[in-house]
Amino acid sequence: MKCDVYVSMVGDLFHIGHLNILEYASRLGDITVGLLTDEAVKTYKRSPIVSYEDRKTIVSAIRYVDSVVPQETHSYRPNILKYRPRVLVHGDDWKKGVQQDVRNEVVKTLEEVGGTLIEVPYTKGISTTKLIDKVRCT
């Protein structure tokens with residue numbers, strides 16, 4: 001199975017940063033979103049606030065998205081090998097920190113399938129963590 005453009009996300013508390021990545025990716029072709037399952041998210045950060053099924057319904061309703069598939073691990077490798085994207089789009093915020101090793105694996109796996117990684121500037125000032133912190137402070 002082959003897809004044009006792959007974007008992986010949690011999509012918890014969907015915000016403008018998520019939309020910006022999807023809008024950018026839509027200029028490159030049909031988008032398949034690899035939506036991390038609740039179990040996959042829990043392996044590297046807090047449990048999602050919104051369930052997988054509700055997140056899938058929300059992401060599927062976005063006009064830029066052509067299909068949504070489960071990403072069952074934090075590693076993108078299984079889905080890259082399965083869907084063989086021409087392009088994978090991600091925010092540039094994963095070059096350092098908790099996702100750096102995942103990024104390195106993505107680069108190697110994309111080389112195996114002939115895909116390209118495009119990193120877009122992270123939307124400044126917005127994140128699900130910041131939204132949660134803001135709600136807690138009110």
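I began with Asp-93, which is partly exposed at a relative accessible area of 36%. For my own reference, buried means under 20% relative accessible area, exposed means over 50%, and partly exposed lies in between (1.4 Å probe, protein chains only). Asp-93 sits in the loop between S4 and helix H5 (100–113). Helices (H or I, at least four residues) and strands (E, at least two) are DSSP runs, numbered from the N terminus. I also checked Tyr-122: it is 29 residues from Asp-93 in sequence, yet their C-alpha atoms are 5.8 Å apart in space.

A note on the source: this is a predicted model, where local features need pLDDT of at least 70, side-chain atom pairs count only at pLDDT 80 or more, and totals for chains, interfaces and linings use all residues. Residues are numbered from 1 along each chain as its sequence is written, and side-chain values use heavy atoms, with hydrogens and water left out.

Next I looked up backbone angles. Leu-13 is not a glycine, but its phi is positive, near 50 degrees. I found Leu-13 in the loop between strand S1 (5–9) and helix H1 (16–26), and it is partly exposed at 28% relative accessibility. Arg-84, also not a glycine, has a positive phi of about 45 degrees. Arg-84 belongs to the loop between helix H4 (77–83) and strand S4 (87–91), and its relative accessible area of 34% makes it partly exposed.

Last entry: which residues of H1 are buried? I noted Gly-17, His-18, Ile-21, Leu-22 and Ala-25. They lie on the same side of H1, because they cover an arc of only 135 degrees around the axis, taken from the directions from the helix axis to the C-beta atoms.
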